[in-house]
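Student: Could we go through this structure together, term by term, and check what each label rests on?

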Amino acid sequence: MKKRKTLPVPPLEQLEAELQRVKYKKRYGSVFRSTIYTLLIVAAAAVLTAVLLFPVLSIHGSSMTPTLIDGDVVVCLKNSRYDVGDTIAFYYNNKILVKRVIARSGEWVDIDENGTVYVNGEKLEEPYVQDPALGECNITLPYQVPEGRVFVMGDHRTVSVDSRSTSVGCVSDEQIVGKLLFRVWPFKSVGPID
């Protein structure tokens with residue numbers, strides 16, 4: 001019979017050091033996994049919030065100057081009620097357009113040849129419009145806003161294509177992405193949107 005060779009028992013300090021190393025490795029793995037799970041949950045919550053509650057949009061074009069300019073980045077709030085004067089984003093032909101609410105369902109809109117807007121016979125105060133104009137208008141005025149829709153116009157009236165044109169028309173509630181709340185870019189212009 002062959003004699004088995006026995007290995008020497010390591011000293012107690014070496015055993016304790018090895019035990020500490022194994023415990024540290026186990027703790028490190030647990031903390032690492034926990035951190036990764038937390039980051040994934042936070043990222044998923046941020047994406048869901050941005051998509052479902054606070055969409056972030058980049059502005060392209062000049063139809064809303066001077067309020068918004070090309071390159072601005074804005075945050076919206078999904079909402080079910082939009083007041084006259086609110087700036088909203090909505091879907092149109094697989095694009096998102098940004099315009100200002102001028103009138104709601106059932107209200108009458110009239111625009112004179114100088115670009116002055118009247119809602120239900122009363123002149124609309126529009127401090128955000130620098131250069132009033134009739135613009136591209138092929139609807140019959142005065143115009144009554146259909147049920148479940150809003151009449152929208154851009155602030156730069158000479159170039160904006162909006163509810164004055166039958167190609168865009170009035171915006172239905174289902175098309176609306178949300179009300180623009182806050183400009184986040186560029187940094188020099190960060191702040192609420194009037």
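What follows is a conversation about salt bridges, a surface patch and a core.

Tutor: This is a predicted model, in which local features need pLDDT of at least 70 and side-chain atom pairs count only at pLDDT 80 or more, while totals for chains, interfaces and linings use all residues. Residues are numbered from 1 along each chain as its sequence is written, and side-chain values use heavy atoms, with hydrogens and water left out.

Student: What makes Glu18 and Arg21 a salt bridge?

Tutor: A salt bridge requires a side-chain nitrogen of Lys or Arg within 4 Å of a carboxyl oxygen of Asp or Glu. The N to O distance between the side chains of Glu18 and Arg21 is 2.7 Å, so the pair meets that definition. Both residues belong to helix H1 (residues 12–52) and sit three residues apart, about one turn of the helix; helices (H or I, at least four residues) and strands (E, at least two) are DSSP runs, numbered from the N terminus.

Student: Why is Glu18 called partly exposed?

Tutor: Buried means under 20% relative accessible area, exposed over 50%, and partly exposed in between, with a 1.4 Å probe and protein chains only. Glu18 has 39% relative accessibility and therefore counts as partly exposed, and Arg21, at 45%, is partly exposed as well.

Student: What does the salt bridge between Asp72 and Arg183 tie together?

Tutor: The closest N and O atoms of Asp72 and Arg183 are 2.9 Å apart. Asp72 lies in the loop between strand E1 (56–58) and strand E2 (73–77) and Arg183 in strand E11 (residues 176–185), so the pair ties together parts that are 111 residues apart in sequence. Asp72 and Arg183 are both buried.

Student: How do you know that Tyr28 is exposed?

Tutor: Tyr28, which is found in helix H1, has a relative accessible area of 51%, and because the cut-off for exposed is over 50%, the label applies. Tyr28 is also one of the residues of a nonpolar surface patch, with about 800 Å² of accessible area together; such patches take residues with over 30% relative accessible area and no salt bridge, nonpolar side chains being joined within 5 Å.

Student: Which residues have the most contacts inside the largest nonpolar core?

Tutor: They are Ile102, Val109, Val117 and Phe151, in a core of 14 residues, where a nonpolar core is a set of buried Ala, Val, Leu, Ile, Met, Phe, Trp, Tyr and Cys residues joined through side-chain atoms within 4.5 Å. Strands E4 (95–103), E5 (108–111), E6 (117–119) and E9 (149–153) each give two or more residues to this core.

Conventions. Patches are made of residues with over 30% relative accessible area and no salt bridge: like charges are joined within 9 Å, nonpolar side chains (Val, Leu, Ile, Met, Phe, Trp, Tyr) within 5 Å. Accessible areas come from the Shrake-Rupley method with a 1.4 Å probe; for residues, only the protein chains shown count as cover.
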